[in-house]
Amino acid sequence: MKTQLQKWVDEQVAIMQPDKIYWMNGSDEEARELVNLAEEEKRDGHPILKKLNDKNFQGSYYHRSNTNDVARTEHLTFICLPNKEDAGPNNNWMDPKDAKEKMGNFFKGCMKGRTMYVIPFLMGNPKSPYSKNCVQVTDSLYVALSMRIMTRVGTAAIEKIGDSNDFFKGVHSVGDINPERRFIMHFPHENMVLSFGSGYGGNALLGKKCYSLRTASYLGYQEGWLAEHMIIIAVEDPKGKRTYFLGSFPSACGKTNLALLNPVIKGYKVWTLGDDIAWINVGPDGKLYAINPEMGFFGVAPGTGENTNPIMIETLKNNKFFPTLYTNTAIDNDTNNPWWEGLTEEVPENLTNWQGEKHDKASGKVAAHGNSRFTVSAYNCPTLAEEFDNPLGVPISGIIFGGRRKSTIPLVYESSNWQHGVFTASIIGSETTAASSSATGVVRRDPMSMLPFCGYNMGDYFKHWLSFEKRAKTLPKIFMVNWFRKDEDGKFMWPGFRDNSRILKWMIDRIEGKVSAQEKELGLFPKLEDLDLSNLDISDKIMEKLLHVSKEEWQKEIPMIEEFYTKFGDRMPQELKNQLDNLRKKFA
Ligand code: SAT
Ligand code: MN
């Protein structure tokens with residue numbers, strides 16, 4: 001008798017008609033065989049993977065994606081819930097019937113001459129009550145290998161699924177990588193995603209944004225938990241006490257650097273639990289507990305170097321878990337190392353750029369794409385917390401929200417309570433980055449950094465966030481940060497990176513009730529004397545500017561927030577509208 005999983009795969013085979021079917025088992029041996037195959041197999045005239053310098057970067061391989069396929073495509077991403085209002089103004093919507101018909105036409109026979117990789121995987125540790133069973137089929141060997149790094153691929157998933165139909169169904173084909181025939185369609189109510197025409201990151205590794213955020217956020221809404229675009233870290237103080245934080249920032253705003261932070265403050269240490277996604281449940285003791293459903297990092301390469309993120313460089317050079325992939329970076333032909341802006345100060349002489357051409361240093365162009373990425377296992381990370389595989393996750397004491405803003409948002413402040421914190425997170429605006437294919441550098445509202453990832457109406461999502469006041473017994477403190485504030489000359493005022501540990505220390509002191517705060521219009525602000533700024537060359541004047549709340553700037557900001565809130569009509573919770581009214585009055 002065939003299991004439901006086998007029957008489902010049979011159906012996909014009948015539609016897509018691959019020449020071969022390969023079920024992944026997740027073994028190391030299999031990974032090596034698939035990598036060998038990818039070194040031989042060609043796409044667009046190039047091998048899918050090219051081996052890099054194994055002495056410097058062990059187990060590392062290079063992949064160049066199609067130049068039209070280098071970032072998530074939000075305008076081609078749809079939430080296909082039966083009722084348009086349930087998807088909300090924050091999502092593109094298509095009727096599920098129409099979406100399936102459209103995708104069905106693309107998928108018909110699309111794998112002729114190709115292999116279908118069947119990838120059984122788990123999001124979360126198999127021992128965790130919060131982990132989820134998933135399967136993706138794909139015709140991309142690069143995607144299959146990336147999934148191995150990012151998720152727990154293998155037979156454990158098949159065993160957990162057994163004969164049930166309770167598993168996420170991800171259907172993916174690169175098709176002909178034609179942007180005209182590229183769609184990422186989500187059916188959260190059916191636990192299914194159909195993705196066609198892209199081989200890149202969040203469009204194609206369906207365990208990531210498609211499942212663990214868009215689909216899971218909807219599941220969490222139904223089941224009483226949260227799926228969030230957040231890092232998870234443990235900050236250890238000199239006495240060895242660990243405080244667990246979640247950190248929410250839009251794509252390419254330094255999440256990975258914060259997740260692998262090497263603090264400048266003596267005696268403090270950061271342990272890494274996750275760099276992109278957190279699933280948050282109310283634990284048996286009424287506290288919020290977070291797990292990272294992923295198993296690897298799909299990090300932005302540019303800007304990652306010995307100075308900015310030495311632990312990531314070490315991670316990339318490790319090879320406990322094979323392989324590590326580099327996508328759309330440059331290659332240094334003299335060393336056969338991957339290279340990107342910020343890896344070394346000197347630009348090497350003999351680079352091939354991300355488009356496969358000889359890099360012309362004088363051109364002023366970058367050699368690595370702004371959204372070039374590394375894909376590396378979390379188990380290669382020397383600061384991976386031992387709690388990483390805790391079935392229940394870790395108890396959260398603080399949630400940090402942030403965005404990328406030249407002005408308006410101060411370096412750090414704290415919300416006065418849960419509802420105010422949810423409000424603070426709901427009004428976040430951030431300058432867009434290269435992680436999405438739309439224009440970069442424009443401010444858009446990005447509540448909880450979830451605008452591109454919330455799988456249902458964001459008004460309902462806010463309500464769901466507010467509901468944790470009742471669901472949980474003890475709630476974490478909520479903080480807002482902005483590492484990116486600039487002065488009149490356009491220079492960053494805060495050094496960022498390792499110095500962000502100074503802000504973490506203040507947060508811990510607040511959590512432990514060791515320091516008081518100063519109340520301003522936006523919330524609770526640090527007193528200068530409570531921030532550890534030792535060995536940092538920064539004047540009080542700059543610090544005051546960093547913490548300044550400008551009436552003028554907020555008078556411009558509030559109408560933008562209002563416009564955003566209005567879009568959600570009566571789905572917008574009254575509590576948040578009242579919070580906004582209060583804020584408006586403060587700046588009148
Ligand atoms: O391409 S991904 O969505 O996986 C990365 C990101 O944008 O955060
Ligand atoms: Mn992300």
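1. The model is predicted: local features need pLDDT of at least 70, side-chain atom pairs count only at pLDDT 80 or more, and totals for chains, interfaces and linings use all residues. Residues are numbered from 1 along each chain as written, chains are lettered from A and ligands numbered from 1 in written order, and side-chain values use heavy atoms, without hydrogens and water.

2. The protein has 17 helices and 33 strands (DSSP runs, H or I of at least four residues for helices and E of at least two for strands, numbered from the N terminus).

3. The C-alpha trace spans about 65 × 55 × 45 Å along its principal axes. A compact globule of 588 residues would have a radius of gyration near 25 Å, and the 23 Å of the protein agrees with this (taken over C-alpha atoms; the rule is 2.2 Å times the number of residues to the power 0.38).

4. Of the 588 residues, 61% are buried (under 20% relative accessible area, with a 1.4 Å probe and protein chains only).

5. His229 sits in the loop between β14 (226-228) and β15 (230-236), and Asp276 in the loop between β17 (269-274) and β18 (278-282), so the pair ties together parts 47 residues apart in sequence. His229 is buried, at 0% relative accessible area, and Asp276 is buried at 7%.

Key:
Buried means under 20% relative accessible area, exposed over 50%, partly exposed in between (1.4 Å probe, protein chains only).
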